[in-house]
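Visitor: Hi, could you walk me through this one? I'd like to start with how the parts sit together.

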Amino acid sequence: MIRPAGLFAALFCTLVFCTTASAAEPASHRMRVRIEPDTHLLEGRDSIRFGTARAATLVLSTRFRIDTLAVDGRRIDAAPRLAGGFQRIALPAARRVELRWHGTLAALDRSLDHRDTLTYDEPASGKDGSFLPSGSGWYPMVEQSLERYELELDLPAEQRGLVPGRLLEEREAQGRYRARFEFKHPAEGISLIAGPYRIDERRLRTAAGSEVRLRTYFHPEIAALAPGYLDSVAGYLDLYERWIGPYPFSEFSVVSSPTPTGFGMPTLTYLGIDVLRLPFIRATSLGHEVLHNWWGNGVYPDYARGNWSEGLTNFMADYAYRERAGPEAARAARLAWLRDFAAMPRSDDTPLVRFTSRTHGASQVVGYDKSAMLFYMLRDMIGEAAFDKGVREFWRSYRFRIASWDDLRGAFERASGKKLGTFFAQWLERTGAPDLRIAAARSDPVAGGWRLQVTLEQGAPAYTLSVPLAVRTASGEITRRVALSRERETATIELPAEPLSVALDPELRLMRRLGEAEAPPILRDAMLAQHPVLVVPTADAAVQTAAHALAARLLERIDTERTSTSTLLVAGLHADIDAWLASEGMAARPAGLETTRGSAQVWTARAGDGRIVVLVSARDAASLAALARPLPHYGRESYLVFEGARMLERGTWPTQPQVWTLSTRPAR
Ligand SMILES: [Zn+2]
């Protein structure tokens, strides 16, 4: 998933039917599909087989017409039940179903923005690209069933296309491109992609000794990026084969989309052209998507009982790359998770076990970030060797099967020899996080050294925690972990030297609700706020329009009535903003964000009453309007400077760890 700019979260399973797949014997499709992107025509024939005779229901979009239908060789009339844009065809018990269908696909709409593309689920086609997502009803999908398939795709010669799976053969003849694919494992539906692609290919022998065909299907304008992407994919396959186990497929393709989308599927990832152009994509989200072939598309989450795959993928991809960059980068990543969590209104919080897929900001905070933090704490507790052993054992046991959080816990219990029921239960089933603080601390000299007593509080009901305390002594810093399982508890630490101060979890190794000083305000505080209010301290119509457009893009909801606790988004021209700050008795514009820097400055502040205020100060209405597109991508920042839509500078206000000073000598 793309995190650095918060650009988008690539979802491998956003579609309507994938959560309903049961453990029943998968259906097998043998399908031929012809697509004419010019006229948006789709024509298909399918032969579906079941291992044993059963009464299945087929689901097809109402934009298609069934031309013929036969069960076990006998022609029948389709009597579809229509609902919600789909037709459902209940079939008598049979082992074999044959049908032909045809219809018109939606015209590809290049103007969709990213949010639209995540929820848009019509099969769409055009010369620039076709995307037929698995939940869109473009083929007769067997309800409540995983599906295997063999599919032949027939396109005009200037087009190339693919579905997830092994490429069996491809050829170009008589003005047509034909390619045949096979997906032998039970899959959660079939997505089909086509476009005016240039294909680059590389054959790779992996660490585990298997042959993998790596490809890029890129639009001509980004064809030059292909070698770099192929290099990166090869590197990720190597990393994860060594870490988890053999790559479970024979191909991996990076496919460009004319719309700014981001999806992952087994054996491929489908990313917008402009996204692929971003320099950091190869270093982050590409690895995340490759890893989903193990977690998500290799082992399937038991959606009814919670999706563990985003958190584990986030931890072993995005976060792992930060760890490789060094301990400071890793701590910054954990701080970003915890600060996002602090920005989330408590009323939006849900237990992690209820997360299925990302639908809004709060579900990302829980399903991706709190979930990754769970794996981080788990590794801290059982050690890296046991963690890696658990991951490998989980992969071996559940490859191409549905697995739940309980199954994951079982694998880590076997690997570590520890009971992990309390640990998983408290992080999965509860909302919130401990409000940890040092309530008191005292030190006394004892024979041979010093005794430090630290009283910790964590709110109710209590979590079972191992709390890191960093003690500064006259002869250096000593870190100790103390057990905490009650709401208030005093721990005793023996020290060789006099303690001067004690800091609570300064490395942010625990999932917890950060204190105010530990979590300085960021844009996300306003973006996720329960009742944010827009303030435009001017009557200028152009500024009003630009400010409202910005608020509509930045905030998940907007309230009209200002209360004593409302988070405020204050947007206007430089003079308006400075005057507003003075009238509210708030601190003036911070140093470094002078009106002469760029065309707009954005920063967060805390008002005297504790509420969070986001200030947007622009040179003119056009400079304000220019922020509407880029600003929502910077939720994790405290301040930014823009020239037009281009970000010049950004950063977060410094954080202040919780420190208890013991000595009269000056602590740091
Ligand atoms: Zn993901």
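**Domains, core and a sheet**

Guide: Happy to. In this predicted model, the C-alpha centres of domain 2 and domain 4 are 34 Å apart.

Visitor: Which residues do the domains cover?

Guide: Domain 1 spans 18–291, domain 2 spans 300–428, domain 3 spans 437–517 and domain 4 spans 523–651.

Visitor: And how many residues of domain 2 and domain 4 are in contact?

Guide: Ten from domain 2 meet eight from domain 4.

Visitor: Which helices supply the domain 2 side?

Guide: Helix H6 (327–343) and helix H7 (361–382) each give at least two residues. H6 has the largest share, with three residues.

Visitor: What's that side like by class?

Guide: On the domain 2 side there are five nonpolar, three polar and two charged residues.

Visitor: Switching topic: which residues touch the most others in the largest nonpolar core?

Guide: That core has 180 residues, and Leu550, Leu569, Val616 and Leu624 touch the most other members. H7 contributes the most to this core, eleven residues.

Visitor: What is Leu550 in contact with?

Guide: Beyond its neighbours within four places in sequence, Leu550 contacts Ala571, Val616, Leu624, Leu627, Ala628 and Leu631.

Visitor: Now the three-stranded open sheet. What's the strand order?

Guide: The order is S25-S26-S29, with antiparallel pairing.

Visitor: How many bridges join S25 to S26?

Guide: Nine bridges join S25 to strand S26 (residues 449–457). Val446, for example, has Gly449 in S26 as its bridge partner.

Definitions and conventions
Residues are numbered from 1 along each chain as its sequence is written. This is a predicted model: local features need pLDDT of at least 70, side-chain atom pairs count only at pLDDT 80 or more; totals for chains, interfaces and linings use all residues. Domain bounds come from an automatic or database domain assignment. Two residues are in contact if their C-beta atoms, placed from the backbone, lie within 7 Å. Helices (H or I, at least four residues) and strands (E, at least two) are DSSP runs, numbered from the N terminus. Ala, Val, Leu, Ile, Met, Phe, Trp, Tyr, Cys and Pro count as nonpolar, Asp, Glu, Lys and Arg as charged, and the others, Gly among them, as polar. A nonpolar core is a set of buried Ala, Val, Leu, Ile, Met, Phe, Trp, Tyr and Cys residues joined through C-beta atoms within 7 Å. A residue is buried if 20 or more other C-beta atoms lie within 10 Å of its own, exposed if 12 or fewer, and partly exposed in between; C-beta atoms are placed from the backbone. Two strands pair if DSSP finds at least two bridges between them.
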